2 protein chains.
Amino acid sequence: MTGHRREGSARTDRAGLHTDLYELRMVDSYLQRGMTAPATFSLFIRPAAARPWYVALGVHRLLELLETFRFGPAEIAYLRTLGFGEPTLSWLAAFEPSGEVWAVPDGAVVLAQEPIVEITAPLPVAQLLETAAINLVQYPTAVATKAARCALAAQGRRLADFGLRRAHGLETGAEAAMAAFVGGGFATSNVEAGRRWKIPVTGTMAHSYIQAFTDERDAFHAFAADHPDHSTLLVDTYDTIKGVSRAVDATAQLRAHGQRLRGVRLDSGDLGELSRQARKLLNDAGLDDTQIIASGGLDEYRIHELVAQAAPIDAFGIGSALTTSSDHPALDIVYKLVAYDQRPVAKFSGIKSTLPGRKQVFRTGDDPTDDVLSVHDADETGQRLLAPVWRDGKPLRAFHLTQTRDHAVSQLDALPTDWQRPPYLDDPPLPRLGTDLEWLNQQVRRAAFE
Amino acid sequence: MTGHRREGSARTDRAGLHTDLYELRMVDSYLQRGMTAPATFSLFIRPAAARPWYVALGVHRLLELLETFRFGPAEIAYLRTLGFGEPTLSWLAAFEPSGEVWAVPDGAVVLAQEPIVEITAPLPVAQLLETAAINLVQYPTAVATKAARCALAAQGRRLADFGLRRAHGLETGAEAAMAAFVGGGFATSNVEAGRRWKIPVTGTMAHSYIQAFTDERDAFHAFAADHPDHSTLLVDTYDTIKGVSRAVDATAQLRAHGQRLRGVRLDSGDLGELSRQARKLLNDAGLDDTQIIASGGLDEYRIHELVAQAAPIDAFGIGSALTTSSDHPALDIVYKLVAYDQRPVAKFSGIKSTLPGRKQVFRTGDDPTDDVLSVHDADETGQRLLAPVWRDGKPLRAFHLTQTRDHAVSQLDALPTDWQRPPYLDDPPLPRLGTDLEWLNQQVRRAAFE
């Protein structure tokens, strides 16, 4: 055959079908019944979720989505094949998001149950956005949180995202690099992320480089000669400690001409023990300023162990654990109706229960320790975390990567020490409920079980 | 402010920078040294990985990438800021993939250590493709495998992908739906995936629909009236068993006019016990053909338990566990140099060791039980799984979704029974090594440790 025939329809520039079918079926029913009064949906992480705190991120992605969440001819034609009627199809063809979006700042440290986003809009509009809103906030939040945990465990040692290859898609890899920069100040191996965001990029060699030479020493010498400013050599292709010695030997001549051996990278084995042996070999050769970089199966727990045992590691490269948030690849993040047509509503399904009404988070200090969660217009003290970010087609907030990172870092530094590092708190802390919200919840619960 | 200022550079239509920086640094060095002889890289899942078998998928994505993996002016300008020299930048600006790609069929059931893809090309070309090749194969393979495990556990019950909201990106959700259809014949809630691939779409209502009404019965009646062909009602907003009774009551009048109550969906609680109670209530009302759909925290293990206890569940909706492959969100999939310039190479780093040389997988039956892994031109019996799929810019294989699914299903059905369902095999089975490969491995190992 001569061509590469692709099955399936092409992508379009409208994002409206990135949703679950049930959203459209509900919208169809709402429209048939004229149920278009304002509704508020609250996007938050459920209390049973496994992390004590989260770095909220992705609100800017939601604002971008509002520009492309439309239904063009291809989308409408497909929905017609599913049996939707012409009135609903016409409404969708003319769809533009309306209403308003409130959100915490990107980079805010939040607790479970605290709204990250609240959307108030005509019921069908707010309903339609559910699936994509969750999707776009959950992944950056998961990775920024994972990155923050790693950074706090690393206690000042440098960190790099090595996880593009195991991210769930190429674009997802770039998103991960952005989120890791926000949550933990990570550099990245991801060149596209570096181009887009001006995140520092890092990386020198893989095992294949060593193997392409017949001798490890030749490979080390060649690479250091070709990249005098980036001479971090990967030493574990055959035998890690021999590799360190060979790296020292192979670069001796270059060093005699004023070059440095920037670093050695350990990618397998007992990183604590190997780093100590490597440090000694390097120091014995007078290479006190040659850095040791560790990678291979690292996460916040492993980093914490290595730091606790004072392993002489200067920087960590983190791959799969970071870009897949491997121990919790899915946050239990939801988007729940809390008010419709002025009526506060809730759901009472055991641990999946929700709290009624539009909300506000009141923060009294630099960290979430004493947060109060209450109704939107409650009269509590503290900074109000939720603010309007979009109204009737107009974004009210711009996204600045470095400002977002700085905001995240200042809050993470302020966290109570026992919240920062393993062992993490057993029970996720929750905000205290304000009296107005307590009262409202009792009223709604009583009504539901009447 | 009036506009939504975006930070960062825009996307381009060239994919070349979706790579790790170290690939480019190695390429730079290879080019400086004229190391452009043919190299073979082998993409496979490491033996220590946690699943006994995998449904390989994503080769078609790799072939698509080869059409867009280029470096345009924006990419070159950025790389210049990183310090790459003009000869390398010129080479990249003119870059077009060359060489050849061999691969197993998309949808093939494979074991760890069996190459899914082998790329043979000039060393810098094959090296550059590493990161993206791993990325594009790993995610579809992870999800197709997870889906296959769920489908085998479900023993014929219907399955649907509900996981778009927790997938790592919107496009990733569509990719997951495609992979779940291949591996397990899943329907999907993802409307865009339905449009692109003609995968059956499914979905009716969320809790918000119930809550938007003041009474659950009213909500049930309204939805069933508006969607007579899709009247599957979500019954756990307040109390699951009361919800079932209310669904029966609320639709009585409609049923009197010939409509059916298609189903009830249970989304929380003890799904085994609740399904038995719901079945009884439905049967007592004469609704023997009303189906019970279960969702909420399901995966292959939970499905297996429910099926083993004969829970009367007709269909399962699977969310996060499917689209994040939650227990193993990252497969230990690698892309390793196995030959350069006619010389077979390997890496001997303990469990990260690799086998040298271009390879072939020989399959003697319908399933991988007796697979033999040997060198590319070995004279073993059996079907050769790896075949050329791309050569010098020309794809040699088209992707057909339903054929790929059919191919996967026939192999999964042929798997030994104790490979199909929990408890899965403790140690992942590995292919037997052919005598030619055994010999080659000994030779290369001896040379490495001389």
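Start with B:Ala310: does it count as buried or exposed? B:Ala310 counts as exposed, because it has 10 C-beta neighbours inside 10 Å. (The cut-offs: buried takes 20 or more other C-beta atoms within 10 Å of the residue's own, exposed takes 12 or fewer, partly exposed is in between, and C-beta atoms are placed from the backbone.)

Before moving on, some housekeeping. This is a predicted model, where local features need pLDDT of at least 70, side-chain atom pairs count only at pLDDT 80 or more, and totals for chains, interfaces and linings use all residues. Residues are numbered from 1 along each chain as its sequence is written, while chains are lettered from A and ligands numbered from 1 in the order in which they are written.

(Helices, H or I with at least four residues, and strands, E with at least two, are DSSP runs numbered from the N terminus.) Its phi is near 55 degrees, a positive value in a residue other than glycine. Most residues other than glycine have a negative phi, and most peptide bonds are trans.

Next, select B:Asp341, in the loop between strand S12 (333-340) and strand S13 (343-344) of chain B. Phi of B:Asp341 is also positive, near 55 degrees. With 13 other C-beta atoms within 10 Å, B:Asp341 is partly exposed.

Now for a peptide bond. Go to A:Pro422 and A:Pro423: the bond from one to the other is cis, with omega near -5 degrees. A:Pro423 sits in the loop between helix H17 (417-420) and strand S19 (432-433) of chain A. Hop over to chain B, where the bond from B:Pro422 to B:Pro423 is cis too, with omega near -5 degrees.

**A pair of helices**

Select residues 73-81 and 86-93 of chain B, which are helices H3 and H4. Their axes come within 10 Å and cross at roughly 160 degrees. That makes H3(B) roughly antiparallel to H4(B). (Axes are lines fitted to C-alpha atoms, for helices over the stretch in contact, and angles run from 0 to 180 degrees between N-to-C directions; under 35 degrees is roughly parallel, over 145 roughly antiparallel, 65 to 115 roughly perpendicular and the rest oblique.)

Which residues make the contact? On H3(B), pick B:Ile76, B:Leu79 and B:Arg80, and on H4(B), pick B:Leu89, B:Leu92 and B:Ala93. (Contact means C-beta atoms, placed from the backbone, within 7 Å.) Five of these residues are nonpolar, none is polar and one is charged. (Ala, Val, Leu, Ile, Met, Phe, Trp, Tyr, Cys and Pro count as nonpolar, Asp, Glu, Lys and Arg as charged, and the others, Gly among them, as polar.)

**Where the chains meet**

Colour by chain: the contact takes 93 residues from chain A and 93 residues from chain B. On the side of chain A that touches chain B, H1(A) gives the most, with eight residues. That side has 41 nonpolar, 34 polar and 18 charged residues.

Finish at H10(A), whose buried residues include A:Phe220, A:His221 and A:Phe223. Among what covers the buried residues of H10(A) is helix H1 (21-32) of chain B. In chain B, B:Phe220, B:His221 and B:Phe223 are among the buried residues of helix H10 (residues 216-226), and the cover there includes H1 of chain A.

Definitions and conventions:
Two residues are in contact if their C-beta atoms, placed from the backbone, lie within 7 Å.
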